[in-house]
Amino acid sequence: MLQVTICAAQPAILTTTPLKKYVTYFNSIDGEAVKNYVPNEQAFDWLSRNIPLFDCPDSTLQTVYYYRWWAFRKHLKQTPEGFLFTEFITKVNHAGKYNAVSSALGHHIYEGRWLHDPQYIDDYIAFWLYVDPKHTAPRFHAFSSWVDDAVYNRFLVNLDHSFIRKNLTALDADYRKWQQERQLASGLFWQFDVRDAMEESISGSRKEKNRRPTINSYMYGNAKALAEMAVIAKNDTLKNRYRKLATELKKLTLDSLWSEDAHFFEVKSGKGGFANAREAIGFIPWYFNLPDDRPTYAQQWDQLTDTTGFSAPWGITTAERRHPLFRTHGSGHSCEWDGAVWPFATTQTLKGLSNLLTNYRHQASMTKAVFYEELLKYARSHTMNGTIYLGEYQDEKTGEWLKGDNPRSKFYNHSGFADLIISDLVGLKPRADDVLDIRPLVPDQWEWFCLDNVKYHGKILTVLYDKTGKHYGKGKGFRVFANGKEVIRTARVEAVSGKRL
């Protein structure tokens with residue numbers, strides 16, 4: 001990795017003019033059946049104050065980037081007990097108070113960590129830790145969660161030490177509750193597929209206590225995060241507890257959930273034995289950098305681009321297409337995780353792939369070109385009848401949204417996208433120190449791009465590349481600015497590290 005530091009004054013590159021055009025268009029095609037904290041007429045002002053700006057040669061990627069922020073904003077709700085983000089735009093029966101659902105909380109925090117105003121996510125985390133438990137029917141543990149990992153990764157963006165110290169006790173108590181509810185004597189965790197928000201899966205069951213790559217990866221990531229947050233709080237007891245738990249859970253996951261026959265992380269039945277089905281949840285361990293850096297594990301990723309594996313015209317399937325039970329469980333009216341394309345899982349898989357490409361030496365046949373192709377396919381899937389759309393889940397061959405134009409499915413807030421652009425495609429890797437780390441996965445054919453107005457460690461960052469220097473008129477090369485001062489410059493797009501912000 002190249003390590004350079006330069007200091008030179010430089011103004012902001014991007015303006016909010018394109019954002020204004022996008023918001024005007026999105027507003028024009030929306031009947032706005034539901035209005036929450038920020039109605040459409042205020043969307044531009046709110047977004048211009050809160051989100052990073054993005055410019056690139058691919059119009060689909062750029063359009064969907066802004067659409068996802070526009071849609072995310074629609075789910076922000078102000079309640080008497082603070083702000084929160086909903087999952088469904090309309091009321092659903094299985095939600096808790098204020099229509100809150102916890103299944104995509106990790107996605108929401110990863111996405112929302114880039115908002116300039118921290119109050120929205122601060123309140124949202126506090127809602128689940130302190131408000132929901134007081135309700136008649138608490139819903140926080142209705143679904144598996146990687147909340148501790150998400151909270152820590154948000155801290156890496158804003159370095160709010162006081163928030164971590166304030167909430168560490170509650171986060172620790174929540175982890176212990178999961179241990180009481182879902183941990184087996186072996187140390188592994190079990191879960192019903194419905195409580196992973198992945199019901200009607202090939203391997204799953206609404207009643208059997210299966211050992212799944214989902215919850216075990218989540219709890220490993222949570223334990224690692226809690227150990228790091230304990231360091232922030234100077235709590236050696238918790239630090240040692242969670243480092244030990246993370247070490248133990250990693251070994252258990254590798255020893256118990258890796259199928260040598262399938263060369264894949266699989267579900268193990270509560271009755272014993274593997275499910276004998278490769279599913280997208282097998283990629284989740286890389287979301288948390290759990291697997292060792294070995295060719296044996298990396299080989300699993302070859303299934304991602306195999307058309308009998310997970311590669312389909314409209315996205316990454318949730319089960320291998322060769323399996324005899326692929327797409328056999330549903331009718332398009334209830335949840336189907338037996339192969340249909342789910343943005344929830346696509347987000348997790350792309351994050352795992354990004355980690356493989358940036359944190360591992362052994363990568364099998366995966367490349368940044370594969371990452372970009374799958375990200376672009378994901379972006380292109382945001383359509384219905386020729387109009388931009390985000391729903392629940394799709395047919396892998398036709399792109400049909402299998403819930404149809406169901407009012408509850410519009411703007412379905414069950415996945416992430418902007419974070420994949422910021423932290424994975426452009427490659428801004430948040431850290432606890434003041435070293436600026438950029439590891440781009442942008443395609444080689446791009447001659448220009450810019451990510452601007454990124455609030456990071458209390459500064460505003462700009463990351464841009466201009467091959468000829470003519471597109472932005474600010475000079476050639478790959479450059480990073482902090483508060484208008486150039487801190488990194490190289491001739492080409494590559495992994496770079498600035499000594500100090």
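This briefing covers a sheet, a helix pair and several individual residues. The model is predicted. Five strands form an open antiparallel sheet in the order 2-14-15-16-17. Helix 11 and helix 13 run roughly parallel, because their axes cross at roughly 5 degrees, under the 35-degree cut-off. H263 and N385 each have a positive phi of about 50 degrees without being glycines.

**The annotated C-terminal span**

- The UniProt record, an unreviewed entry, lists residues 432-488 as "domain: Glycoside hydrolase family 65 C-terminal".
- Residues 432-488 are 53% strand and 0% helix.

- Strands of a sheet pair through backbone hydrogen bonds, in a parallel or an antiparallel sense.
- Here the pairing is antiparallel, and the strand order is 2-14-15-16-17.
- Strand 2 (53-55) and strand 17 (485-490) are the edges, each pairing on one side only.
- From one strand to the next, the twist averages 10 degrees.
- Seven bridges join strand 14 (residues 448-456) to strand 15 (residues 459-466), in the antiparallel sense.
- V454 faces L461 of strand 15 across this pairing.
- Strand 16 (residues 477-482) pairs with strand 17 over five bridges, also in the antiparallel sense.
- F478 stands opposite T490 of strand 17.
- Strands 16 and 17 make a hairpin, with two residues between them.
- N483 sits in that turn and has a positive phi of about 50 degrees.

**Helix 11 against helix 13**

- Two packed helices are described by the distance and the angle between their axes.
- The axes of helix 11 (residues 343-359) and helix 13 (residues 418-425) come within 11 Å.
- Their crossing angle is roughly 5 degrees, so helix 11 counts as roughly parallel to helix 13.
- Helix 11 contributes T347, L350, K351 and S354 to the contact.
- Helix 13 contributes D419, L420, S423 and D424.
- By class, this contact holds two nonpolar, three polar and three charged residues.

- Most residues other than glycine have a negative phi.
- H263 has a positive phi of about 50 degrees, although it is not a glycine.
- The loop holding H263 runs between strand 7 (258-259) and strand 8 (264-265).
- H263 counts as partly exposed because its relative accessibility is 27%.
- N385 also shows a positive phi of about 50 degrees and is not a glycine.
- N385 is in the loop between strand 11 (383-384) and strand 12 (387-388).
- At 77% relative accessibility, N385 counts as exposed.

**Buried residues in helices**

- S256 belongs to helix 9 (residues 236-257).
- S256 has 16% relative accessibility and therefore counts as buried.
- Beyond its neighbours within four places in sequence, S256 is in contact with L188, K268 and F274.
- A298 lies in helix 10 (residues 295-298).
- A298 is buried because its relative accessibility is 3%, under the 20% cut-off.
- Leaving aside neighbours within four places in sequence, A298 is in contact with W286, H362, Q363 and A364.
- A298 and I281 are separated by 17 residues in sequence and by 15 Å in space, C-alpha to C-alpha.

**A buried strand residue**

- S311 is part of strand 9 (residues 311-312).
- S311 has a relative accessible area of 13%, so it is buried.

**A buried loop residue**

- H141 is in the loop between helix 5 (119-131) and helix 6 (147-158).
- H141 is buried, with a relative accessible area of 14%.
- H141 touches D174, K177, W178 and E181, with residues up to four places away in sequence left out.
- H141 and W178 are 37 residues apart in sequence, yet 8.0 Å apart in space, C-alpha to C-alpha.

Technical notes
Residues are numbered from 1 along each chain as its sequence is written. This is a predicted model: local features need pLDDT of at least 70, side-chain atom pairs count only at pLDDT 80 or more; totals for chains, interfaces and linings use all residues. Side-chain values use heavy atoms; hydrogens and water are left out. UniProt positions are given in the numbering used here, feature names are shortened, and annotations may be inferred rather than shown by experiment. Helices (H or I, at least four residues) and strands (E, at least two) are DSSP runs, numbered from the N terminus. Buried means under 20% relative accessible area, exposed over 50%, partly exposed in between (1.4 Å probe, protein chains only). Contact means heavy atoms within 4.5 Å. Two strands pair if DSSP finds at least two bridges between them. Axes are lines fitted to C-alpha atoms, for helices over the stretch in contact, and angles run from 0 to 180 degrees between N-to-C directions. Angles under 35 degrees count as roughly parallel, over 145 as roughly antiparallel, 65 to 115 as roughly perpendicular and the rest as oblique. Ala, Val, Leu, Ile, Met, Phe, Trp, Tyr, Cys and Pro count as nonpolar, Asp, Glu, Lys and Arg as charged, and the others, Gly among them, as polar.
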